[in-house]
Amino acid sequence: MLKRFIVVLIICMLLTSAAFAAEVLNFASTQMVPAAEQIFAKSVLIKGFSDESGIKVEFIPMEDPDMFTRVSAEVAAQKVTISLVGDLHGGLDLMNTKALFDDLSGISLPNRTFIKALEDYSVMAGKKVYVPWMQATYVMAVNKKAFQYLPADLKVEDVTGASEKWTYDALLNWSKNLNEAFKGPKLGFPMGPKGLWHRFLHGYIYPSFTGYQAASFDSEQAVKLWEYLKELRPYMHPSSSVWESMDEPLLKEEVLIAWDHTARVKNAVIEKPADFAIVPAPRGPQGRGYITVAVGLAIPVEAPQKDNAVKLIDYLTSPDIQVKMLENIGFFPTIKEAEGVIPEGPLKILATGVLAQSGSPDSVIAMIPSLGAKGGEFSAAYRDTFTKIVIEGADIGTTITTAGDKLRAIFKEVGVPLL
Amino acid sequence: MISFSRREKNWIPYLLFLPALIYLAGFIGYPLVKTLQLAFTSEEGKVGIENFITLTRDSTFWKALKNTLYLLIAIVPLQVILAFLLALFVNGRFKGYMTVLYIICIPLALSDVSAALMSYNIFTSHGFLNKLLMKFGFIDAPIYFFGLGLSSRAFWVIVLTELWRATPLVFIILLASLQVISKDYFEAADVFGFSSWQKFIHITLPLTMPSLQSALLIRTLFAFQIFAVVWLLSGRDIPILAGEVYYQQAELINFRLAATYGFIIALICILLSWVYLTFLKTKHLEV
């Protein structure tokens, strides 16, 4: 009797889970993981698509390492449940090296003109790995009060228009003025454990001073860079080391100038659009270094709902949805058709800053290197070097030589050319 | 109604605890074995202590070990003394002592993350404390309690936060222990003319020793797991062992070193538990 009862129970459970698996399209994403962004993804993006197409979608937010582990495990076990993956270029690149994705060159997405650089980036060794979904960058957010304390030879237009005068030396002088005026440092960076400070180091200041992210890590130009950071350090807000995003410190006026990811300063601009300006990063001796971040959509091999996944890609890359994503999570469109429909207001402020940065003639563009599991060690090398030299006062030459060897070893091990 | 045969009745108890056993084996046993395996396997797949050598060559490991021990030394004794004093005070059962008891216990309902965020809002440069001090003219510019190069100040903010957050746990254990001490002992002591101090030393302390031992053990083990408060208030300015497990696992994606850190924490915890159980062994006492 009991045996029969257990058998019936197990069959019921299997049937229920199979029915769920057949109906729902699982969309796993390393983007839109914070609670507020998840609500947007589920109640606006996914709901809109489901209402329009009648296809049920389960949005599964997950961290980078989990995504790699899960997709690899599912493909290896030949029991793929995820039909669409949303991830950064680096993550998708890594998973592609394990042959986890389909070639998307055959799919049709009418009335879309993807930005050429992003389109080129999504094709790896002749295989169209992903469809560019959204893009972002990192900028400087300035409270307009700070413009009153600009150094004598620097005008507001120089900063907002990315002129040659908007340099790292100008930033130092500006920070000094603010420090005197407000009796404390007013320049902030997201140096907390989950902050993106390492992106500033390898993607902004390094290319600006040396022309490269890692290739000239222990060069003479790099020594000047670290001397500069030591000089800038007293004007950096001490709480920087616990901040993970700069919107709150900007809104509380703990800092008046901050560098961060567009998505992480967006709230400040939305809440007080009249108070803030988004400006390009300063330039260094080698040009204006900055990062462009690409996020793509890929379909795992043997995904259970490939056709529906393509429909979801089509929906997520439509102009209206692209603008909605800019409005809600601060990621910028990847299709040209969306550019004309960005409304006036805070988003325009963000977009203006981003466009001024990407349009500057002295650009030294940095792409986040696809180092996969070694990405953390790469970031740690920059962060640790900063801590050792700038905070603990270690010798610049010795420290960057040791860290440089470590960085070169990481690139060599992964088999990625030194950037 | 389902009826069971005699044979079925024999194995039903085993069937009933099987889910718990499967859960324990799957979620505790398997990760434990896997952690051991990872800690003793090198990147090339060789079994040995290579991960431990890598770890001990890294200065951050020694910093993390030192900071964890410093936190332990600063927090646990203070917590036990404070909790003992509070327990003795509340055990006086004065009028309104229940209200005091509830107030002391409020932090028990808070997660470590909430406590850390509250602490941050008090001590940050634009926090309540700085605003208060500036409003009353004690200071012109904010005092920075944590941040770049201020790890010693942040250390004491962490100690203060942990004291506030976790003392009630020790307090509850000690209060429960005090409440079951029979009044007869104190009455007998009165007959022999014991002073309050003598009563504390010869009656209260020995009779609360088993609870004190448990409280010390729990707090010491928890101190090794301290993570969120340090992580939120100082980031990696103050590296600690539990923080490094997370950092290695989630940021550097180095599962082997994360497992090695985890193994070392477990080893230290086992060692300290042994020390407590051996040296704080209570004599046979009847309450």
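These are short notes on a predicted model, taken point by point.

1. Overall build. Chain A carries 16 helices and 11 strands. Its radius of gyration is 23 Å, close to the 22 Å that the globule rule gives for 419 residues, so chain A is as compact as a globular protein of that length. The C-alpha trace spans about 85 × 50 × 45 Å along the principal axes of chain A.

2. Burial and contact range. Of the 419 residues in chain A, 48% are buried. Take the contacts in chain A between residues at least 6 apart in sequence: 76% of them join residues at least 24 apart.

3. Helix H11. This helix covers residues 262-271 of chain A, and 7 of its 10 residues are buried, so the rest of the structure largely encloses it. The buried set is A:Thr262, A:Ala263, A:Arg264, A:Val265, A:Lys266, A:Ala268 and A:Val269. Note that A:Arg264 and A:Lys266 are in that set. What do the buried residues of H11(A) pack against? Three strands of chain A are on the list: S6 (131-143), S8 (257-261) and S9 (276-279). The helices listed are H10 (247-251), H13 (319-329) and H14 (346-358), also of chain A.

4. The loop at A:Ala303. This residue sits between strand S10 (288-298) and helix H12 (306-316) of chain A. Is A:Ala303 buried or exposed? It counts as buried, because 24 C-beta neighbours fall inside 10 Å and the cut-off for burial is 20 or more. A:Val80 is 223 residues away along the chain, yet the two C-alpha atoms are separated by 5.6 Å. Setting aside neighbours within four places in sequence, A:Ala303 contacts A:Val80, A:Ile82, A:Ser83 and A:Ala309. Of these partners, A:Ile82 and A:Ser83 fall within the range of strand S3 (82-88).

5. Positive phi at A:Gln78. Phi here is near 55 degrees, a positive value in a residue other than glycine. A:Gln78 belongs to the loop between helix H3 (64-76) and strand S3 (82-88) of chain A. The residue is exposed, with 8 other C-beta atoms within 10 Å.

6. Positive phi at A:Ala162. This residue is not a glycine either, and its phi is about 55 degrees. A:Ala162 lies in the loop between helix H6 (156-160) and helix H7 (168-182) of chain A. Here the setting is buried, with 25 C-beta neighbours inside 10 Å. So A:Ala162 counts as buried, whereas A:Gln78 is exposed.

7. Helix pair H8 and H9. In chain A, helix H8 (residues 197-210) and helix H9 (residues 220-232) pack at about 130 degrees, with axes 8 Å apart. The two helices are therefore oblique to each other. Their crossing is right-handed. H8(A) contributes A:Ile205, A:Tyr206, A:Phe209 and A:Thr210 to the contact. H9(A) contributes A:Gln221, A:Ala222, A:Lys224 and A:Leu225. By class, the residues of this contact are 5 nonpolar, 2 polar and 1 charged.

8. Contact between chains A and B. Chain A gives 22 residues and chain B gives 27. On the chain A side, helix H1 (2-23) and helix H15 (375-391) are the elements that give two or more residues. H15(A) supplies the largest share, 4 residues. The side of chain A that touches chain B has 12 nonpolar, 6 polar and 4 charged residues.

Methods: Residues are numbered from 1 along each chain as its sequence is written. Chains are lettered from A and ligands numbered from 1 in the order in which they are written. This is a predicted model: local features need pLDDT of at least 70, side-chain atom pairs count only at pLDDT 80 or more; totals for chains, interfaces and linings use all residues. The radius of gyration is taken over C-alpha atoms; the globule rule is 2.2 Å times the number of residues to the power 0.38. A residue is buried if 20 or more other C-beta atoms lie within 10 Å of its own, exposed if 12 or fewer, and partly exposed in between; C-beta atoms are placed from the backbone. Two residues are in contact if their C-beta atoms, placed from the backbone, lie within 7 Å. Ala, Val, Leu, Ile, Met, Phe, Trp, Tyr, Cys and Pro count as nonpolar, Asp, Glu, Lys and Arg as charged, and the others, Gly among them, as polar. Axes are lines fitted to C-alpha atoms, for helices over the stretch in contact, and angles run from 0 to 180 degrees between N-to-C directions. Angles under 35 degrees count as roughly parallel, over 145 as roughly antiparallel, 65 to 115 as roughly perpendicular and the rest as oblique. A crossing is left-handed if the near helix is turned anticlockwise from the far one by less than a right angle, and right-handed if clockwise.
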